Amino acid sequence: MNSEVQDFGESSAYQDTVARAKLEVDDTWVKLNGKIVDKMGEGLYLFQDPTGEIKVRISEEASKGKEIKAGTKVKLTGKVDKEYSGVEIAASHVEVLSR
């Protein structure tokens, strides 16, 4: 039996929900499908799925330079980032599904 510890990183991400992501521990990988509700600042967006809303940080690198605005449907992969101000997702990859 192989007892090696594996670092799955982004490949271990699975389909998740906002409600569940908010309960995960810091640095847990998640995959979310939903839409951008609002742009809150430079690289900071409000994301929504059927279970709720969460702040998402999206870099230009993560979105591959594609425009992201309110109403954009996206699939994103990122890490849970728990701060004193609340829970956010730091996106590492964003796929724009429709605008």
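This is a predicted model: local features need pLDDT of at least 70, side-chain atom pairs count only at pLDDT 80 or more; totals for chains, interfaces and linings use all residues.

Numbering starts from 1 along each chain as its sequence is written, and side-chain values use heavy atoms, with hydrogens and water left out.

**Stop 1: the barrel**

Colour the strands first. Five of them close into a barrel in the order β1-β2-β3-β5-β4, with mixed pairing. On average, neighbouring strands of this sheet are turned by 55° against each other, direction ignored. That angle is taken between axes, which are lines fitted to C-alpha atoms, for helices over the stretch in contact; angles run from 0 to 180 degrees between N-to-C directions. Strands here are DSSP runs of E with at least two residues, helices are runs of H or I with at least four, and both are numbered from the N terminus. Two strands pair if DSSP finds at least two bridges between them.

**Stop 2: around the barrel, strand by strand**

Select residues 29-41 for β1 and 73-83 for β4: this pair is antiparallel, with seven bridges. Asparagine 33 has lysine 75 in β4 as its bridge partner.

Now look to the other neighbour of β1. β1 and β2 are antiparallel over five bridges, and lysine 39 sits opposite tyrosine 45 in β2. Zoom in on the hairpin of β1 and β2, which has two residues between the strands: glycine 43 takes a positive phi near 75° there.

Next, select 44-49 (β2) and 52-57 (β3), an antiparallel pair with six bridges. These two also make a hairpin, with two residues between them. Show side chains and you can read off the partners: tyrosine 45 bridges to valine 56 in β3, while leucine 46 stands opposite lysine 55 in β3. In a regular strand, side chains alternate between the two faces of the sheet.

**Stop 3: threonine 28**

Go to the loop between α1 (18-21) and β1, where threonine 28 has its place. Is threonine 28 buried or exposed? Its relative accessibility is 16%, so threonine 28 counts as buried (buried is under 20% relative accessible area, exposed over 50%, partly exposed in between, with a 1.4 Å probe and protein chains only). Leaving out neighbours within four places in sequence, threonine 28 contacts Gly78, Lys79 and Val80, contact meaning heavy atoms within 4.5 Å. Draw a C-alpha distance from threonine 28 to lysine 79: 5.3 Å, though the two are 51 residues apart along the chain. The side chain of threonine 28 also reaches the backbone oxygen of valine 25 at 2.8 Å.

**Stop 4: alanine 90**

Back to strand β5 for alanine 90. With 34% relative accessibility, alanine 90 counts as partly exposed. Beyond four places in sequence, alanine 90 is in contact with Arg57, Gly78 and Lys79. From alanine 90 to valine 80, ten residues apart in sequence, the C-alpha distance is 6.5 Å.

**Stop 5: serine 63**

Finish in the loop between β3 and β4, at serine 63. Serine 63 counts as buried because its relative accessibility is 6%. Show what surrounds the residue: not counting residues up to four places away in sequence, serine 63 touches Ile58, Ile68 and Val94.

Methods
A polar contact is a pair of N or O atoms within 3.5 Å; within protein, one must be able to donate a hydrogen and the other to accept it, and residues adjacent in sequence count only if both atoms are side-chain atoms.
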